[in-house]
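The sequence and the structure come first, and the description follows.

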Amino acid sequence: MVLDVPTPDPPSLRGPQTRGDYEAIDNEIVDTSDDYRRQEVEGFLRAGAWQDAFEEWTTSAGLSTAEFAVVERLDLIEAFDFYWDPASDEVGYRAPELPDDAADEFALDDPDGIDMALDSLGRIVSEVLENDYVLRDDDDFGFFDDEDVDYGDREE
């Protein structure tokens with residue numbers, strides 16, 4: 001089922017956050033410097049990565065327009081976080097989850113399906129950023145040079 005909704009604005013990325021917030025294990029790291037390059041990632045989102053990824057996601061999101069309206073009403077798009085992980089050299093993300101009381105409040109049949117769809121959106125956005133927008137060459141971080149990118153195989 002294709003989700004036919006207008007593309008919302010990309011999330012405003014917030015930072016800095018402690019590195020411990022992104023670790024798989026509890027770690028009391030107090031480093032609050034933001035080397036996650038959120039400002040640059042947010043620039044990529046606004047330059048077209050969000051639009052590209054959102055349009056791709058809507059073809060397989062599995063959400064109804066009513067379920068997406070709940071996502072918008074709860075401002076879950078704005079709750080996404082995308083960041084450059086210098087340790088793995090990849091774009092990471094944190095997808096929001098529905099609040100516990102949302103299923104009852106909005107009479108949702110499948111709240112887990114909404115959480116899975118939001119996670120899928122985060123994954124697709126990360127992939128689009130990594131594959132089409134972020135230049136990763138040694139210490140460089142930025143847009144691909146137009147001459148270096150072949151858009152011939154890219155699906156539109």
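## Aromatic pairs

The rule for ring pairs gives a count of eight aromatic pairs. One of them joins Phe82 and Tyr93, with ring centres 6.4 Å apart and planes at 35 degrees, so the pair is tilted. Phe82 belongs to strand E1 and Tyr93 to strand E2, so this pair ties together parts that are eleven residues apart in sequence. The structure described here is a predicted model.

Phe82 has a relative accessibility of 0% and counts as buried, whereas Tyr93 is partly exposed, with a relative accessible area of 23%. Both residues belong to one aromatic cluster, which is formed by Trp50, Phe54, Trp57, Phe68, Phe80, Phe82 and Tyr93.

## Overall layout

The protein has 156 residues, of which 39% count as buried. Four helices and four strands are present, and along the sequence they follow the pattern α-α-β-β-α-α-β-β.

Among contacts between residues at least 6 apart in sequence, 68% join residues at least 24 apart. The protein exposes about 9,400 Å², and carbon and sulfur atoms supply 41% of this area.

## Strands E1 and E2

Strand E1 covers residues 81-85, and four of its five residues are buried, so E1 is largely enclosed by the rest of the structure. Strand E2 covers residues 90-94 and runs antiparallel to E1, with five bridges joining the two. In one of the bridges, Asp81 has Arg94 of E2 as its partner. The hairpin of E1 and E2 has four residues between the strands, and Asp89 takes a positive phi near 60 degrees there.

Trp84 is also placed in strand E1. Is this residue, Trp84, buried or exposed? Its relative accessible area is 5%, and buried means under 20%, so Trp84 is buried. Arg38 is 46 residues from Trp84 along the chain, yet their C-alpha atoms are separated by 7.0 Å.

## The nonpolar core

The largest nonpolar core contains 36 residues, and Trp57, Phe68 and Leu129 have the most contacts inside it. Helix H1 (38-58), helix H2 (65-73), strand E1 and helix H4 each supply at least two residues of this core. Which element gives the largest share of this core? The answer is H4, with nine residues.

Trp57 was listed above in the aromatic cluster. When neighbours within four places in sequence are left aside, Trp57 is in contact with Leu3, Leu63, Phe68, Ala117, Ser120, Leu121 and Ile124. Phe68, in this contact list, is itself among the residues with the most contacts inside the core.

## Leu129 in helix H4

Helix H4 covers residues 111-133 and contains Leu129. The relative accessible area of Leu129 is 0%, so this residue is buried. Not counting residues up to four places away in sequence, Leu129 touches Val41, Phe44, Leu45, Ala49, Val91 and Val134.

Leu129 and Trp50 are 79 residues apart in sequence, while the distance between them is 8.5 Å, C-alpha to C-alpha.

Terms used:
Residues numbered from 1 in each chain as written. Predicted model: local features only at pLDDT ≥ 70, side-chain atom pairs only at ≥ 80, totals over all residues. Heavy atoms only, no water. Buried < 20%, exposed > 50% of the residue type's maximum accessible area, 1.4 Å probe, protein only. Pairing = 2+ DSSP bridges. Contact = heavy atoms within 4.5 Å. Areas by Shrake-Rupley, 256 points an atom, 1.4 Å probe, with all protein chains shown as cover. Core = buried A, V, L, I, M, F, W, Y, C linked by side-chain atoms within 4.5 Å. Phe/Tyr/Trp six-rings, centres within 6.5 Å; stacked < 30°, edge-to-face > 60°.
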